[in-house]
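Please consult the sequence and the structure alongside the text.

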Amino acid sequence: MHITSIQRPENTSSASHYRGRFAPSPSGLLHFGSLITALASFLDAKSAVSACGTQGKWLVRIEDIDPPREQAGASQKILATLEAFGLHWDEEVLYQSQQSSRYNALLEHLHQQQLSYYCQCTRADIKAIGGIYQSHCKSLNIDSKHSAIRLINQYGLYQFSDIFQGKVSCEQALANEDFIIHRKDGLFAYQLAVVADDIEQGITHIVRGCDLLEPTARQLTLFKTLNSTAPQFGHIPLAVTSQGYKLSKQNKALAIDTDKPQPALVKALSFLGQNPPKALVFESVEKIISWAINNWQRSAVPQKTKISINEN
C-alpha cells in the first residue's frame with residue numbers, strides 16, 4: 001500500500017446530504033481505539049452544517065454477522081458506552097443479523113447477472129500459489145454445496161482519494177482478485193454486507209481506521225459493480241501500543257471507562273490533532289462534545305496510518 005501526501009479537502013459544507021456512520025462489531029467492548037474512530041466519524045458528520053443550519057446525520061450499525069466471534073451482551077454495552085460519551089445517533093440502529101433477506105436478494109441478483117460463481121479453494125490452496133487468488137473456479141461450474149461465492153471483479157479499483165490520507169494506492173494484484181462475498185461456512189462476507197448496508201442507508205461519508213484502507217478498494221469495486229455511487233472515504237490513524245500492536249478487541253485492549261468519560265474524550269481529541277484546551281477535561285461531556293464539533297478540523301488529523309499512544 002502506498003500513500004501520497006496531497007492537499008486534503010477542508011470540512012464539507014454540504015451537510016444537507018451528509019450521512020455518516022459508525023459500525024462496530026460486538027466481538028468485545030469499545031476500547032480507546034474504537035472511541036477515536038467513533039468520535040472522528042461523529043464530529044465529521046456533526047460539523048458539516050448546511051446553509052439552513054442542519055447538521056449532518058450520524059448513524060450506528062451493529063455488524064453482528066459473525067456469531068462465533070461475538071460476545072454476549074456486547075451490542076447493548078457498546079450503545080450504552082456511546083451514549084455515555086455523548087455520541088448520540090440520529091436514526092434507529094441497524095443490526096446486520098436482521099438483514100439476511102436483503103443480503104440473499106443481492107447475492108441472487110449478482111448470480112442472475114452472471115457476476116458471481118462458486119469456489120471451493122482453501123486459504124492453503126491460495127497461499128501455495130503465492131497468496132493471490134487466480135480465479136481458478138470461475139469456469140468450473142462448481143456446485144453450491146460447501147462452496148464460497150466470489151464476485152467477478154470487472155474493475156480492480158486500487159486507487160482512491162482519501163479525506164485524511166490523500167491519494168491511496170493498494171496492491172494492484174490483490175485489488176484485481178475475485179473476492180469472497182459469501183463464506184463457505186454459510187456466513188455473509190463483510191465486503192457484501194457493508195456495501196449493501198451503506199447503499200441501503202444512503203451513507204455519503206465513511207470515517208474509520210486505517211486498518212480498512214485495503215478493503216476499501218474491494219468495496220469501491222462492489223459499489224461500481226452495483227452501479228451505486230460510493231461514499232467518500234476517510235481513514236484515521238490507528239492507535240498502537242509502544243510495541244506496534246493495534247489496540248483491538250482481539251488484542252484484549254481495555255474497555256474505556258464510562259464512569260468518567262472526560263479524560264478519554266480529551267485524549268482522543270488530542271490524538272486526532274484537534275488541540276483541545278487542557279481545562280476541557282474538567283467540563284461536562286456535553287460541553288466537550290460541543291467544543292469538539294465547533295472546532296473540528298479535518299486538516300489537523302495526522303496524515304499517518306498509525307500513532308503510538310501512552311497506555312497509562
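## Basis and confidence of the model

The model is predicted; local features require pLDDT of at least 70 and side-chain atom pairs pLDDT 80 or more, whereas totals for chains, interfaces and linings use all residues. Residues are numbered from 1 along each chain as its sequence is written, and side-chain values use heavy atoms, with hydrogens and water left out.

The predictor's confidence in each residue is expressed as pLDDT, on a scale from 0 to 100. For the protein chain the mean pLDDT is 90, and 90% of the residues reach 70 or more. Residues 5-14 stay under 50. For this stretch the model has 28 contacts (heavy atoms within 4.5 Å) beyond four places in sequence. Where pLDDT is low, predicted coordinates should not be read in detail.

## Nonpolar cores

A nonpolar core is a set of buried Ala, Val, Leu, Ile, Met, Phe, Trp, Tyr and Cys residues joined through side-chain atoms within 4.5 Å. Buried denotes under 20% relative accessible area, exposed over 50%, and partly exposed the range in between, with a 1.4 Å probe and protein chains only. The largest such core has 47 residues, and those with the most contacts inside it are Leu35, Leu39, Leu82 and Leu87. At least two residues each come from helix H1 (32-46), strand S3 (57-62), helix H2 (74-84), helix H8 (262-271) and helix H9 (285-295). Helices (H or I, at least four residues) and strands (E, at least two) are DSSP runs, numbered from the N terminus. H1 gives the most to this core, with nine residues. A second, separate core comprises 32 residues, among them Leu59, Leu107, Ala217 and Val240.

Beyond its neighbours within four places in sequence, Leu39 is in contact with Leu87, Leu265, Ala268, Leu269, Leu272 and Ile289. Leu265 belongs to helix H8 and is buried, its relative accessible area being 0%. With residues up to four places away in sequence not counted, Leu265 touches Leu35, Leu39, Phe85, Val285, Ile288 and Ile289. Its C-alpha lies 8.1 Å from that of Val281, a residue 16 positions apart from Leu265 in sequence.

## Aromatic rings and charges

Rings of Phe, Tyr and Trp (its six-membered ring) are paired if their centres lie within 6.5 Å; planes under 30 degrees apart count as stacked, over 60 as edge-to-face and the rest as tilted. By this rule there are four aromatic pairs. The rings of Phe32 and Phe271 have centres 6.4 Å apart and planes at 90°, so this pair is edge-to-face. The pair links distant parts of the chain, with Phe32 in helix H1 and Phe271 in helix H8, 239 residues apart. Phe32 is buried at 10% relative accessible area, and Phe271 is buried at 9%. The pair of Tyr103 and Phe188 is also edge-to-face, because the ring centres are 5.1 Å apart and the planes stand at 70°. Tyr103 lies in helix H3 (residues 100-112) and Phe188 in the loop between strand S9 (180-182) and helix H6 (190-200), so parts 85 residues apart in sequence are tied together. Both Tyr103 and Phe188 are buried. Ring pairs also join Phe22, Phe42 and Trp58 into a cluster.

A charge sits over a ring if NZ of Lys or CZ of Arg is within 6 Å of the ring centre and within 35 degrees of the ring normal. The charged end of Lys267 sits over the ring of Phe32, 5.1 Å from its centre. The charged end of Arg150 is placed over the ring of Tyr133, at 3.7 Å from its centre.

## Cysteines

With a disulfide defined as a pair of cysteine sulfur atoms within 2.5 Å, the count is zero. Cys137 is in no disulfide, and the nearest cysteine sulfur, that of Cys121, is 3.6 Å away. Cys137 is buried, with 3% relative accessibility, whereas Cys52 is exposed, with 66%.

## Positive phi in two loops

Most residues other than glycine have a negative phi. Gln114 has a positive phi, near 55°. This residue is in the loop between H3 and strand S5 (116-119) and is exposed, at 66% relative accessible area. His146 likewise has a positive phi, near 60°. His146 occupies the loop between helix H4 (123-128) and strand S6 (148-151) and is exposed, at 58%.
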